Amino acid sequence: MTLYSPPTARALSILDLLMANPYRPFGLTEITRRLNLNKATCHAILMTMAQYGFLVQHPRNKSYRLGPSIVAAANSALARFPLLEYARPVFEKLSSEIGCGMAVTAIANRQQVLLAYYGNTSGISEAFQLGLRLPNTAPIAACFAAFAPTNEMEAWLTRAHSGPGGYSEALDKSLRIALINIRSRGYEVTLRTEAEKVLIQRLSEPYEHWGLNQQEEHSQQYQQDLCREPYLLDKIQSDKSYPVNTLTVPIFLYDDTPAMCLVAGSLKQSLTGADIERIAQGMRASAEQVKSTALRRTQKHLPP
């Protein structure tokens with residue numbers, strides 16, 4: 001049985017709401033309405049979080065924003081992801097050369113988390129906020145699964161069959177072929193889908209009550225919808241055009257398992273196979289450059 005703590009979930013829902021809207025303050029009344037929380041309970045959580053610096057309260061209008069302790073926590077987290085510290089100039093230059101926004105994702109247990117944006121992200125939907133979590137379940141996060149240890153890859157595949165309809169031999173076969181191709185070529189290519197259009201619409205809708213549960217429901221439905229559409233591109237011909245949505249390359253650090261992935265996101269123009277290969281190779285070269293810099297500058301922190 002999975003343990004669940006409602007008080008913890010309430011506090012995390014508040015942080016999630018504020019992280020998704022970093023430039024907007026929220027008052028107590030709006031937070032309680034948006035998150036469907038009891039006003040007295042919410043007020044106690046907010047005051048406690050403000051007391052410890054995770055939130056700050058405006059002295060006049062009493063609204064709340066993220067506080068300095070969140071910054072400290074973020075900087076501490078960067079110690080686990082040293083690549084991010086050295087990635088910005090490299091990935092922003094790459095973004096300018098390619099002409100699309102770049103993002104970095106990582107795996108946290110059974111979720112893929114959006115960690116950072118680089119360059120011109122105007123083409124990326126505002127629904128994809130930093131911190132967005134999607135299921136680490138096939139076919140999502142295939143680039144991580146393709147280079148993961150066998151037991152993790154099999155678990156990723158198995159979770160794809162846990163939704164409505166149960167096990168599908170055809171789906172399992174297509175996913176395994178996709179993983180072989182990703183590992184062979186060294187990068188993942190996804191296609192534009194109706195499932196993503198629906199996800200963007202759902203994440204962009206104003207909700208009377210908004211929180212972790214709604215996000216999880218939408219992301220789980222997105223994963224299930226993707227299983228019914230062509231999503232992972234397998235064979236690539238240099239002279240053929242494809243409705244590409246994202247290109248993803250793994251970023252390795254200490255071993256052969258991706259520490260993160262670099263994503264060229266929400267591509268609007270169809271690309272030829274030759275274009276795909278050219279962009280992917282540029283992404284791989286940039287990822288290798290950032291890895292080398294991170295390893296060189298953090299050598300003293302490497303495990304023995």
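## Terms and model

Two strands pair if DSSP finds at least two bridges between them. Helices (H or I, at least four residues) and strands (E, at least two) are DSSP runs, numbered from the N terminus. This is a predicted model, in which local features need pLDDT of at least 70 and side-chain atom pairs count only at pLDDT 80 or more, while totals for chains, interfaces and linings use all residues. Residues are numbered from 1 along each chain as its sequence is written, and side-chain values use heavy atoms, with hydrogens and water left out.

The chain has a mean pLDDT (the predictor's confidence in each residue, from 0 to 100) of 88, and 92% of its residues reach 70 or more.

An open sheet is built from six strands in the order 5-4-3-9-8-6, with antiparallel pairing. Strand 5 (133–135) and strand 6 are its edges, each pairing on one side only. From one strand to the next the twist averages 30° (axes are lines fitted to C-alpha atoms, for helices over the stretch in contact; angles run from 0 to 180 degrees between N-to-C directions).

Strand 3 and strand 9 run antiparallel and are joined by four bridges. A103 has V263 of strand 9 as its bridge partner. Helix 5 packs on the sheet, where it touches (heavy atoms within 4.5 Å) strand 3, strand 4, strand 8 and strand 9. The direction of helix 5 makes about 70° with that of strand 4.

## Nonpolar cores

A nonpolar core is a set of buried Ala, Val, Leu, Ile, Met, Phe, Trp, Tyr and Cys residues joined through side-chain atoms within 4.5 Å; buried means under 20% relative accessible area, exposed over 50%, partly exposed in between (1.4 Å probe, protein chains only). The largest core holds 37 residues, of which F91, L247, L262, I276 and M283 touch the most other members. Elements that each supply at least two of its residues include helix 5 (82–98), strand 3 (102–108) and strand 9 (258–264). Helix 11 gives the most, eight residues.

Not counting residues up to four places away in sequence, F91 touches M102, V104, Y118, I251, L262, S286, A287 and V290. Another core, of 32 residues, lies apart from the largest one; A141, F147, W156 and L199 are among its members.

## L55

L55 lies in strand 1 (residues 55–57) and is buried, with a relative accessible area of 1%. Beyond its neighbours within four places in sequence, its contacts include I14, L18, M49, Y64 and L66. The C-alpha atoms of L55 and P68 are separated by 7.4 Å, although the two residues are 13 apart along the chain.
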